[in-house]
Amino acid sequence: QRVSAKMLAARLGKVESEGVVERSTRPTSPPTVRYSLTPPGIELCQALTRVVDIAQKLKRTRVAHAGF
């Protein structure tokens, strides 16, 4: 499913206001906008990655036990 430019801008603005990403612009034509993770954003990303890893491990364990 595609995300419209308007929706993407709104979501990026929200996470920017929450301190997860920072926005930088360059005065080019058209303007160049770049988003980067802030230190708290990097920490959040690492935590979410760990949660996904644990969920995948649990899923594999369930599948392995379902075969019995």
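This is a predicted model: local features need pLDDT of at least 70, side-chain atom pairs count only at pLDDT 80 or more; totals for chains, interfaces and linings use all residues.
## A pair of strands

Strand E1 covers residues 21–26 and strand E2 covers residues 32–37; the two run antiparallel and are joined by 6 bridges. How many residues make up the hairpin between E1 and E2? The chain passes from E1 to E2 through 5 residues.

## Helix H1 and what follows

Helix H1 takes in residues 5–17, which makes 13 residues. From the first C-alpha to the last, H1 reaches 18 Å, close to the 18 Å expected at 1.5 Å a residue. After H1 comes Gly19, with a positive phi near 85°.

## One salt bridge

Which residue forms a salt bridge with Glu18? The partner is Lys14, and the closest N and O atoms of this pair lie 2.9 Å apart. A search of the whole structure finds 1 salt bridge.

## Helix H2

Now follow the chain to helix H2, which spans residues 39–66 and has 28 residues. Its first and last C-alpha atoms are 41 Å apart, close to the 40 Å expected at 1.5 Å a residue.

How many of the 28 residues in H2 are buried? The count is 1, so H2 is hardly covered, given that buried means under 20% relative accessible area.

Conventions: Residues are numbered from 1 along each chain as its sequence is written. Side-chain values use heavy atoms; hydrogens and water are left out. A salt bridge is a side-chain nitrogen of Lys or Arg within 4 Å of a carboxyl oxygen of Asp or Glu. Helices (H or I, at least four residues) and strands (E, at least two) are DSSP runs, numbered from the N terminus. The expected span of a helix is 1.5 Å times one less than its number of residues. Buried means under 20% relative accessible area, exposed over 50%, partly exposed in between (1.4 Å probe, protein chains only). Two strands pair if DSSP finds at least two bridges between them.
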